[in-house]
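Dear colleague,

I am handing over the structure we spoke about, and below it I have set down what was found. Please read the notes with the coordinates open beside you.

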Amino acid sequence: MGKPTVLILDDEKRFTEELSEFLQNSGFHAIEANTAEIGLLKLKSEQIDLLILDIRLNGVSGLDILKDVKVKYPNLEVIVVSAHGDMDTVINAMRMGAIDYLRKPFRHIDVQIAIERSRKFLVLQNKISQLQENCSLISKYIEERINRQFIGVSKQINEVFELAMTASKYPDVNVLITGESGTGKENIARIIHYASKRKDHVLCAVNSSAITDSLSESEFFGHKKGSFTGAIIDKKGFFETSNKGTLFLDEIADMPMNLQAKILRAIEEKMITRVGETHQIATDFRIIAATNYDVEKLVEEKKFRLDLMYRLNTIHIHIPPLRERPDDIEPLLNFFVADFCNKLNKPILSIDNELINALMSYHFPGNVRELKNMTNRAIIFCNGNKLYEHNFQIKAGTAPKYNNNSSIQKLNLHENEAEMIRTALQKYNNNQTAVSKSLGIQRMALIRKMHKYGIQFPPKGHSENTV
Ligand SMILES: Nc1ncnc2c1ncn2[C@@H]1O[C@H](COP(=O)(O)OP(=O)(O)OP(=O)(O)O)[C@@H](O)[C@H]1O
Ligand SMILES: [Mg+2]
């Protein structure tokens, strides 16, 4: 890091001169501004790292400037300068994101302390932004298009990323992405689409468990006006909408069997017929499918068509759970801390080493999503400037941190899902509509899942089942 640049914005020329000299002697590059206009111009034209801002500028409220600055330059740190009796304004400024304050008339020792604090802060922030850049696997272009980041350093995540890049170079080849919940399947699907030549066309994302059986055919294939009650206009289905783009079929394991057969035919022929029509329409789509189930096992259990699986998994990308790639935990944590602190307008918190050790031995059943949510919560409730283990709600898990036998992991996942369904059935007195609503799935998907796990309703007469 070169010399940090500090802008001193204060209408008292004597003050800016004295402070500027002091800062130059302390290894900073200092710029002075004695009016708000000049200060704002300097912020625009120079790369400023730290702003020292008088909250009682002639005719302008420093707080208004602070607010404006924090919106326009969220990464710029601000130390406010106050006079005696300004404590309320100082508190407001700190709430608005200032990191420190200086009282006028200042003593050199106060400035020195404030600068030391800020210097540590700037170095840390610089380190974090470098870390963010170094550990990001995707380009700025893709980051902006997918509105997410993809962070990782482990060998495993690099292999996943390489495979995704290969998939993006073959825009007509279908891709199957597997991995536990929260491992980043959707991120990878979006990365593949936006890195491929299909990027300027639609990415049509369909959650298979949210499709009702009765409407599924018209949702996928479209329909002609009047072909059934409710078909009031001609409508394109997902296959047509995805023309030249990508059809992302999420939670593919929840796709009903009868629909699987129709989808297979559309994939093979690249032609579809709308419900109520007779003529065929050509459509050019690529499918990226995702699931957190072991599809091969579902095929064995005759819950998923073998021929469809073969069509979908020309390229198979498996994202390993976070506990199997502990090297990714620290860079992900650094990224989430920097990201959330920026969004919450807080100075970037430092991270205690013990916290990293604790996270690295945690089994993360919810994978990256869990780490992300944990970090968000910890930052909201942290009052200091450092994150410790106690700020994180790391559940003392009984599950093993690392388990090589992936079928055991999958079994746990199934059991968890079955358990959630049983609990919801109990809670809502077997009312299917209420249960499916509480689980965020369609009623037919609930019935399929119950069937899959052998969960039965109590015999008739004992149930308040609505169907
Ligand atoms: N490598 C990563 N870098 C940064 N963020 C990540 C990474 N992997 C996952 N995430 C974040 O974690 C969250 C979960 O990811 P995503 O939705 O892609 O998971 P998923 O595998 O599709 O989960 P589910 O099976 O539950 O649908 C998202 O907020 C995503 O941005
Ligand atoms: Mg997903």
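Is strand E1 (residues 5–9) largely enclosed by the rest of the structure or largely open, and why? Please bear in mind throughout that this is a predicted model. Strand E1 is largely enclosed by the rest of the structure, because four of its five residues are buried, a residue being counted as buried when 20 or more other C-beta atoms lie within 10 Å of its own.

The pairing of this strand can be followed on two partners. E1 and strand E2 (residues 29–33) run parallel and are joined by five bridges, with leucine 9 standing opposite alanine 33 in E2.

Ligand 1 is surrounded by 18 residues, of which the closest are Ser181, Gly184, Lys185, Glu186 and Val368. Helix H8 (185–195) and helix H16 (367–381) are the elements that each contribute two or more residues to this shell. Sorted by class, the shell around ligand 1 consists of nine polar, five charged and four nonpolar residues. Domain 2 (155–318) and domain 3 (322–391) each supply at least three residues to the shell.

With best regards

Technical notes:
Residues numbered from 1 in each chain as written. Chains lettered and ligands numbered in written order. Predicted model: local features only at pLDDT ≥ 70, side-chain atom pairs only at ≥ 80, totals over all residues. Near = placed C-beta within 6 Å. Nonpolar A, V, L, I, M, F, W, Y, C, P; charged D, E, K, R; others polar. Domains from an automatic or database assignment. Buried ≥ 20, exposed ≤ 12 C-beta atoms within 10 Å, placed from the backbone. Pairing = 2+ DSSP bridges.
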